[in-house]
Amino acid sequence: FQDHARTFHDARRGDPAARAPLIALASNPQIPAIVRATAQSELGRLPAIASEGVIRLGLDDPDPLVRIAALRNLSPQPAEIRLRWAQERLADPVLGVRIDAAQALADISPETVQEPVRGQLTRAFAEFEAAQALNLIRRGRPDAAEAELRAGLALDPAAVELAVNLADLLRQHGRDPEGEAVLRQAIAVAPKEPYPHHALGLALVRQRRYPEALE
């Protein structure tokens, strides 16, 4: 009962005739999300004005797989169009979607856009950088991960996600006092953000400075 395999095969051969059935698949809410997402991905091989409407539709799809696939189709578009189409995904409830939105908008400086998009873009960039640092840790490269996190903080001292991740990396290597300094700096820059306060409390507990930790 599934008839999309031929369409995907034709798309991967670069056959322009696959564009119309791909658009039909990507815009059909009755088929599984993985099929809609794959159709979105294959449309990236066949860019055309006719595909743009379904790509924009995919950015608001209820399934994050489809939203991610649609974001990855934005690369040929000019920066102002990518920002206009993808900015709502910067505040997406799914981390993976926010990270792909950050990748799609990586060449846009937060200073060039207005709030609240500026803050959302900055936070998404920080989440992307933290994810890359985590990948380096998993690959057994903590020094490289530390360098990435510190470089990110140098670019954006208010990126508290980077500070918390850096402090946690330092904790893993018995360097809690250094992590404490990182967290205190983050709190000084962004005093209303809760995560550095919580991480600092835990760091102080590990150092048995309980009254300070409780505060």
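Trainee: What relative accessibility does Asn-135 have?

Mentor: This is a predicted model, in which local features need pLDDT of at least 70, side-chain atom pairs count only at pLDDT 80 or more, and totals for chains, interfaces and linings use all residues. Residues are numbered from 1 along each chain as its sequence is written, and side-chain values use heavy atoms, with hydrogens and water left out. A residue is buried under 20% relative accessible area, exposed over 50% and partly exposed in between (1.4 Å probe, protein chains only). Asn-135 counts as partly exposed because its relative accessibility is 34%.

Trainee: What radius of gyration does the chain have?

Mentor: The radius of gyration is taken over C-alpha atoms, and the globule rule is 2.2 Å times the number of residues to the power 0.38. A compact globule of 215 residues would have a value near 17 Å. The C-alpha trace spans about 70 × 35 × 30 Å along its principal axes. For the chain, the radius of gyration is 21 Å.

Trainee: Which residues have the most contacts inside the largest nonpolar core?

Mentor: A nonpolar core is a set of buried Ala, Val, Leu, Ile, Met, Phe, Trp, Tyr and Cys residues joined through side-chain atoms within 4.5 Å. The largest such core has 21 residues, and those with the most contacts inside it are Leu-71, Leu-74, Leu-90, Leu-105 and Leu-121.

Trainee: Which helices each supply at least two residues of this core?

Mentor: In soluble globular proteins, nonpolar side chains tend to be buried together. Here the helices that each supply at least two residues of the core are α4 (49-59), α5 (64-71), α6 (79-86), α7 (95-104) and α8 (117-138).

Trainee: Which residues does Leu-105 touch, not counting those up to four places away in sequence?

Mentor: Contact means heavy atoms within 4.5 Å. By that rule, Leu-105 touches Arg-82, Leu-83, Ala-86, Leu-90, Leu-121 and Phe-125.

Trainee: How many of the eight residues of α5 are buried, and against which helices do they pack?

Mentor: Helix α5 is largely enclosed by the rest of the structure because six of its eight residues are buried. These are Val-66, Arg-67, Ile-68, Ala-69, Ala-70 and Leu-71. The helices they pack against are α3 (33-43), α4, α6 and α7.

Trainee: Is Ser-51 buried or exposed, and which residues is it in contact with?

Mentor: Ser-51 is found in helix α4. With a relative accessible area of 1%, Ser-51 is buried. Leaving aside neighbours within four places in sequence, Ser-51 is in contact with Arg-19, Ile-23, Leu-43 and Leu-46.

Trainee: Is Glu-180 buried or exposed?

Mentor: Glu-180 has its place in helix α11 (residues 176-189). Not counting residues up to four places away in sequence, Glu-180 touches Leu-200, Leu-204, Gln-207 and Arg-209. Since its relative accessibility is 9%, Glu-180 counts as buried.

Trainee: What phi does Arg-208 have?

Mentor: Arg-208 lies in the loop between α12 (194-206) and α13 (210-214). Arg-208 is exposed, with a relative accessible area of 67%. Although Arg-208 is not a glycine, its phi is positive, at about 60 degrees.

Trainee: Which residue does a cis peptide bond join to Glu-115?

Mentor: The omega of this bond is about 5 degrees.

Methods:
Helices (H or I, at least four residues) and strands (E, at least two) are DSSP runs, numbered from the N terminus.
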